[in-house]
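Biologist: I would like to learn how to read salt bridges and cores in a model. Can we take one case and walk through it?

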Amino acid sequence: MTGNESEQLALPLPRHVAIIMDGNGRWAERQGKRRTAGHRAGAESVRRAITFARRNGIEALTLFAFSSENWQRPAQEVNVLMELFMTVLRREVPELAANDIRLRVIGDVSGFSTRLQRRIREAERATENNTALTLNIAANYGGRWDIAQAAQKLGKEVAAGRLQPEKINESALAQHMCLADGPEPDLLIRTGGDIRISNFLLWQLAYAELYFTDVLWPDFDEMTFAAAVDSYVRRERRFGLTSAQIQQLAGSGPLQEE
Ligand code: IPE
Ligand code: IPE
Ligand code: MG
């Protein structure tokens with residue numbers, strides 16, 4: 001990525017990058033600060049990540065901001081996170097709009113205050129016609145919740161007589177999951193050193209390339225993002241096929257008729 005390396009190699013960049021933004025609390029604690037100082041610093045990394053994605057022609061960026069499990073944190077920390085969410089939405093929307101970025105929030109927004117819900121709707125509406133980059137913020141999001149809400153929608157269609165139960169298959173479910181209208185995540189980045197998914201996009205990550213880094217989210221910058229993309233472009237995504245088949249599909253290998 002740095003110095004247009006991937007362009008020279010003509011390797012396809014990820015169309016959709018998802019990020020588990022982790023490590024804010026530890027970043028702050030290491031400096032003797034309150035955890036919430038880490039969240040504030042993390043908001044700057046969000047800006048950097050958006051700028052990087054926009055500049056590099058990434059189509060969709062999905063950021064895990066608040067999980068359905070994060071409500072269990074101390075009330076004071078949750079309150080600060082909600083206030084930060086409000087502030088960032090107000091502050092950043094004009095810049096998103098100016099940069100042709102569409103903002104969407106995925107997750108159970110009904111769990112937020114009516115004030116925050118209104119702010120979310122306004123931000124989505126103000127940017128809904130933008131096309132250069134789709135920015136999805138996962139807030140009060142859980143991968144299991146996502147699967148359950150999709151199942152519930154299908155159940156309602158069955159109950160209304162519009163859908164036969166036999167028609168419930170992967171594709172029907174996929175159409176009702178969050179982010180169904182865009183490409184699946186190609187690359188998942190998790191900062192903060194832990195190697196787990198923490199109930200993020202369980203369904204959508206089925207074939208994503210995973211990239212874990214010890215960098216704490218407030219320290220995340222263009223270099224970290226570029227290193228993740230560099231790692232991604234060097235991988236062979238096989239989707240269950242053999243390497244020979246993949247090379248054949250890419251037009252770079254000999255035909256391997258059995
Ligand atoms: C990620 O950082 C932000 C949220 C989960 C809201 P953490 O707050 O989880 O930071 P650590 O993992 O405790 O360092
Ligand atoms: C995942 O981080 C959620 C977000 C980044 C918003 P957590 O810090 O909540 O994950 P666990 O608890 O370490 O698995
Ligand atoms: Mg964490």
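Modeller: Start with exposure. Buried means under 20% relative accessible area, exposed means over 50%, and partly exposed lies in between. This is a predicted model. Arg 35, at 28% relative accessibility, therefore counts as partly exposed.

Biologist: Which residue forms a salt bridge with Arg 35?

Modeller: Glu 29 does, with the closest N and O atoms 3.5 Å apart. Glu 29 is partly exposed too, at 45% relative accessibility.

Biologist: How many salt bridges does the structure hold?

Modeller: It holds 18. One of them joins the side chains of Arg 26 and Asp 194, at 3.7 Å from N to O. This pair links distant parts of the chain, 168 residues apart. Arg 26 sits in helix α2, and Asp 194 in the loop between β5 and β6.

Biologist: What about Arg 238 and Glu 236?

Modeller: Their side chains meet in a salt bridge at 2.9 Å, N to O. Bridges can also share partners: Asp 22, Arg 26, Arg 190, Asp 194 and Arg 196 are joined into one network that way.

Biologist: Now the core. Which residues touch the most other members of the largest nonpolar core?

Modeller: That core has 42 residues, and Phe 85 is among those touching the most other members, as are Ile 19 and Leu 61. Helix α4, residues 75-98, gives the largest share, eight residues. A second, separate core has 13 residues, including Leu 179 and Leu 188.

Terms used:
Residues numbered from 1 in each chain as written. Chains lettered and ligands numbered in written order. Predicted model: local features only at pLDDT ≥ 70, side-chain atom pairs only at ≥ 80, totals over all residues. Heavy atoms only, no water. Core = buried A, V, L, I, M, F, W, Y, C linked by side-chain atoms within 4.5 Å. Buried < 20%, exposed > 50% of the residue type's maximum accessible area, 1.4 Å probe, protein only. Helix = DSSP H or I, 4+ residues; strand = E, 2+ residues; numbered from the N terminus. Salt bridge = Lys/Arg side-chain N within 4 Å of Asp/Glu carboxyl O.
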